[in-house]
Amino acid sequence: MLKCLKVILFLALLCGVVSVSEAASIAVGSVSGSPGETILVPVNIDDMAGQTSCNISVVFDSNKLKFLGRENGNMGAGIMGPKLADINKRGKYNPIISFMGEAKGGTIMYLKFAVREGAKGDVPLTLTVPTPAGVYNAVSGKIMVR
Amino acid sequence: MEGRIKRPSIKKKGIESITREGGFKMRKMKSLMPIILLSILLVTGMASAATLTPVGTCNGQDKVDVTLSVSDVTGIIGYDITVTGTGLTTTTADVSKTGSIAASWTVFQAQAVTGGVRILAAGCTACGSTGAGNLGTITFTATDGTVNTETVSVTVKEVSGGTLTPAAMTPVDCSPTGCLEWTDVITKYNAYVAGTAEWADVIACYNEYVAAP
């Protein structure tokens, strides 16, 4: 009986490990900075999960941060996004990303923010992946204002 | 007897034989005539069936791509085509050699002519190729920058060195797609993901959004 339970437990653990390893994720990094400073925040993907493109959304407090643009990561991804004025007006950066390189994962891009004067505490960078839905775990990040 | 020409005598049997066999052949020929005529028509028809069709697609705000599609390249060893479009201009640099069968041509040159481009090609290294393909793509640019608001029509004016029959291009309506806001681009992208739009449509939409004031 005990042996049988052990086998069941082992199988359950194995299933858990497998299911965790199959979950692809896109994550926004957490970086600290001071008011007036320009900060680069990485957006990473660990597995493209067979997708050739996606649409992500990063929401931020535009009263505390100013989006300045993006810099390329190491994946050679093609990125097209809204105009800067639109991004800062809405406090949302939701680009379309095309995975063009052969890399399975890596840094898609770096988001460039300026911390506005008077900003304090943690400023969340809330990530969602609207398209494709249900494929990626979205891991949000934050900017910790010193 | 001198001076008389001695004609070769033909035996009656021989004459009858010739007449009978000749008549039989003529009758046989007459009966076969429709089949022979049909064969000639078929062969001629097959030879002239190959068509060169310019296919246009909008490429951003001021450009239209024209791909020269060939229904059958059998027997073609060269061509001389002039493609023009109303209100359009192009340069030799705008002619792409990336067509599916363009690589088989040893010469693929283009020269700008009024309102279009003249393409010259000859001497294929893969003579004997058969089947359909495309010779390449030409990108036309609107001289007035208004391709996006007018219908573009391009025709092939001259073809030589082969059995291609030029066909008129189906007009391309490059009207604005209404992509003025970023949400329009996302909508187009979602349509692409859903399989109801092409990636080129997303790019065109994005280009229009970027160009919008």
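Two residues count as being in contact if their C-beta atoms, placed from the backbone, lie within 7 Å. With that in hand, here is a tour of the two chains.

In chain B, residues 24 or more positions apart account for 71% of the contacts with a separation of 6 or more. For chain A, the share from residues 24 or more positions apart is 76% of the contacts with a separation of 6 or more.

A few ground rules. This is a predicted model, where local features need pLDDT of at least 70, side-chain atom pairs count only at pLDDT 80 or more, and totals for chains, interfaces and linings use all residues. Residues are numbered from 1 along each chain as its sequence is written, while chains are lettered from A and ligands numbered from 1 in the order in which they are written.

**The two chains**

Helices (H or I, at least four residues) and strands (E, at least two) are DSSP runs, numbered from the N terminus. A residue is buried if 20 or more other C-beta atoms lie within 10 Å of its own, exposed if 12 or fewer, and partly exposed in between, with C-beta atoms placed from the backbone. Here is how the chains look on those terms.

| Chain | Residues | Buried | Helices and strands |
|---|---|---|---|
| Chain A | 146 residues | 27% | two helices, 12 strands |
| Chain B | 213 residues | 27% | three helices, 11 strands |

Read along the sequence, chain A goes α-β-β-β-β-β-β-α-β-β-β-β-β-β. Chain B, from its N terminus on, goes α-β-β-β-β-β-β-β-β-β-β-β-α-α.

**A sheet in chain A**

Two strands pair if DSSP finds at least two bridges between them. Chain A has an open sheet of five strands in the order E5-E9-E3-E1-E11, with mixed pairing. Strand E5 (65-72) and strand E11 (136-139) of chain A stand at the edges with a single partner strand each, so one side of each has no neighbour in the sheet. On average, neighbouring strands of this sheet are turned by 20° against each other, direction ignored; the axes behind such angles are lines fitted to C-alpha atoms, for helices over the stretch in contact, and angles run from 0 to 180 degrees between N-to-C directions.

Strands of a sheet pair through backbone hydrogen bonds, either parallel or antiparallel. Strand E1 (residues 24-28) of chain A pairs with strand E3 (residues 38-45) of chain A in the antiparallel sense, over three bridges. Across that pair, Ile26(A) stands opposite Ile45(A) in E3(A). E1(A) also pairs with E11(A), in the parallel sense and over four bridges, and there Ser25(A) stands opposite Asn137(A) in E11(A).

Ile108(A) sits in strand E9 (residues 106-115) of chain A. It counts as buried because it has 26 C-beta neighbours inside 10 Å. Leaving out residues up to four places away in sequence, Ile108(A) touches Val43(A), Asn44(A), Ile45(A), Gly73(A), Met75(A), Ala77(A) and Ile97(A). Ile108(A) and Glu71(A) are 37 residues apart in sequence, yet 9.2 Å apart in space, C-alpha to C-alpha.

Over in strand E5 of chain A is Arg70(A). With 18 C-beta neighbours inside 10 Å, Arg70(A) counts as partly exposed. Not counting residues up to four places away in sequence, Arg70(A) touches Ile79(A), Met109(A), Tyr110(A), Leu111(A) and Lys112(A).

**Where the chains meet**

Six residues of chain B are in contact with eight residues of chain A. H2(B) gives the most to the side of chain B that touches chain A, with five residues. By class, this side of chain B has five nonpolar, one polar and no charged residues. Here Ala, Val, Leu, Ile, Met, Phe, Trp, Tyr, Cys and Pro count as nonpolar, Asp, Glu, Lys and Arg as charged, and the others, Gly among them, as polar.

Now for helix H3 (residues 199-211) of chain B: its buried residues are Val202(B), Ala204(B), Cys205(B), Tyr206(B), Asn207(B), Glu208(B) and Tyr209(B). What covers them includes strand E6 (78-80) of chain A, along with strand E1 (51-58) and helix H2 (182-193) of chain B. Leaving aside neighbours within four places in sequence, Val185(B) is in contact with Cys179(B), Cys205(B), Tyr206(B) and Tyr209(B).
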